[in-house]
Each structure stands twice: as structure tokens, then as C-alpha cells.
Amino acid sequence: MEHTPHILIVDDDREIRDLLSKFLERNQMRITSVRDAREAKRVWEQGHYHLVVLDLMLPGESGLDLARWLRGQDNVPIIMLTAMNEETDRIIGLELGADDYVTKPFNPRELLARIRAVLRRVHETNEPGGTGAEIKTFVFSGWVLELARRRLLNPEGAEVSLTGGEYDLLLALLERPNRVLTRDMLLDLLRGRQAGPFDRAIDVAVSRLRKKLEDNGRNAQLIKTVRGGGYVLASDVERH
């Protein structure tokens, strides 16, 4: 990660854009802010961004549609801004691979903490001498996760696309195989913050990852549900 992260803010509320831009710039971040999906796509082609702060309620093309488009371009981390009553949209956004969300109204300091946590996770994975350098691959049940390229290969050697959130969840499970991880533990590991109400975020993420791993949810063999407990990766894991 570059010394000064470049953040793209997409929100049709000018006051929110101005407030966040000034606040984040005071905290050593470079900011580009736009009001809708059309402008976001235009500036996307003109720069490199480390993270996108995306309001789901946009004029014209929705934030969910823009998130889907961004996922087709890159694995850039996405933090969604949502209203209190947008639970369905939040879940859909998480299914599209958003990394976190903040509910409006919010304290800019909370958003800053979320941004730093997400950037830190990405940075630590790719940092030379960090976890990604010490362990290059995880091998489990015929599958291979390559850390340097953030790439998952199935038992036939074909690449299986992962969003940033799916990658982080799989990595958390692989680092703790055959160990029950509660939803709160997974929230702490994935969000870098004190776990709190997060709707069905973990359940949605696990379900999405199971589909990628061809792990039947009703009779899952790799990621098993522990009743009243959480989830466990039921596989031996080799680290290379």
C-alpha cells in the first residue's frame, strides 16, 4: 500500500462528501469524491484507488449496481453507507463482496476506523515479510490458496474467483483449521473491531464461500456449522 491511501467517496449528499473529504484528508488520506455512479465510473478510469466508500442510495444507477460493476473491474475494498432500514440492501451488498458497512447517521471517526482496519488487512496480506511472505500457500482437501496472488485454485487447478471478503473469511478459517470459530470471533477477525450487531453478515459470507468451494450447505463437508457455536473448517491444512 502506498504511504497515502487514495479513497473514492460516492455519495449524492454534498455535505457528507465535503465533511468526509476534509476529515479524511486531515487524517493523511487522499480523497476523490463524486455524486453518482456515472461520475464514479469516469474517475475510476483516471486513477488508482485503495478503497471505495459507497452510498447505496444513489440517484440514477443504484449503489448496488455500482458495487456489482466495481467487482467486475477489481477487488478494491468497498465500505457501504446505508440507512437504518436498508437491511435487505446491506445483505445484497455483502453478497456482492462489500467488506464492511456503516449505518447512517454515523460518526466520521467510526468510518475512519473501519477504513484503516480494511486497509490494514489488505496491507498485511501483501506486506513483504508479513504473513503473506512467510506462508505462500495453504493446501486443503485438494484446494490451494495462493497468498501472494490472492488466488484460489480448485482440485483440478482452475482458478475460482474470490471477492475481498470471501478471501479474508477463507484465510481466517485456514489459519485456524479444525477449530470452532463463533460468529463474534469471525466478526472480530474480519472487521478489526469489537463485534456488534451485523445482521446476517457472517452467515451470508459463509454461504457464499461454500458455493465457491462447492461445499453443499445442507451437507457441508469443508465448512461445518456448529449448532449454537459457529463454524469450523473441517480439513487438514498444509502450509508452504
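**Aromatic cluster, sheet and core**

Tutor: In this predicted model, Trp44, Tyr49 and Trp69 form one aromatic cluster. With ring centres required to lie within 6.5 Å, the count comes to two aromatic pairs. The ring centres of Trp44 and Tyr49 are 5.9 Å apart and the planes meet at 20°, so this pair is stacked. Both Trp44 and Tyr49 are buried. The second pair is Trp44 with Trp69: the centres are 6.4 Å apart and the planes stand at 80°, so the pair is edge-to-face. This pair links distant parts of the chain, since Trp44 belongs to helix 2 (residues 37–44) and Trp69 to helix 3 (residues 63–73), 25 residues apart. Trp44, present in the stacked pair and in the edge-to-face pair, has a relative accessible area of 12%. Because the cut-off for buried is under 20%, Trp44 counts as buried.

The charged end of Arg150 sits over the ring of Tyr167, at 4.0 Å from the ring centre.

Five strands make up an open sheet in the order 9-8-7-6-13, with antiparallel pairing. Strand 9 (159–160) and strand 13 are at the edges with a single partner strand each, so one side of each has no neighbour in the sheet. Strand 6 (residues 137–140) and strand 7 (residues 143–146) pair in the antiparallel sense over four bridges. Within that pairing, Val139 stands opposite Val144 in strand 7. The hairpin of these two strands has two residues between them, and Ser141 there takes a positive phi near 50°. Strand 6 also pairs with strand 13 (residues 237–239), antiparallel and over three bridges. Phe140 has Val237 of strand 13 as its bridge partner. Strand 7 in turn pairs with strand 8 (residues 151–153), again antiparallel and over three bridges, and Leu145 is found opposite Leu152 of strand 8.

Several of these residues return in the packing. The largest nonpolar core has 30 residues, and those touching the most other members are Phe140, Leu145, Leu152, Leu170, Leu213 and Ile223. Two or more residues each come from strand 6, strand 7, helix 7 (164–174), helix 8 (183–191), helix 9 and strand 12 (230–233). Helix 7 gives the largest share, seven residues. Leu152 illustrates the contacts: leaving out residues up to four places away in sequence, Leu152 touches Phe140, Trp143, Val144, Leu145, Ala158, Glu159, Val160, Leu162, Leu170 and Leu213. Apart from this core lies another, of 24 residues, among them Leu54, Leu66, Leu94 and Ala98. In soluble globular proteins, nonpolar side chains tend to be buried together.

The buried residues of helix 9 are Ala201, Ile202, Val204, Ala205, Val206, Arg208, Leu209 and Arg210. After helix 9 comes Glu214, with a positive phi near 55°.

Notes:
Residues are numbered from 1 along each chain as its sequence is written. This is a predicted model: local features need pLDDT of at least 70, side-chain atom pairs count only at pLDDT 80 or more; totals for chains, interfaces and linings use all residues. Side-chain values use heavy atoms; hydrogens and water are left out. Rings of Phe, Tyr and Trp (its six-membered ring) pair if their centres lie within 6.5 Å; planes under 30 degrees apart count as stacked, over 60 as edge-to-face and the rest as tilted. Buried means under 20% relative accessible area, exposed over 50%, partly exposed in between (1.4 Å probe, protein chains only). A charge sits over a ring if NZ of Lys or CZ of Arg is within 6 Å of the ring centre and within 35 degrees of the ring normal. Two strands pair if DSSP finds at least two bridges between them. A nonpolar core is a set of buried Ala, Val, Leu, Ile, Met, Phe, Trp, Tyr and Cys residues joined through side-chain atoms within 4.5 Å. Contact means heavy atoms within 4.5 Å.
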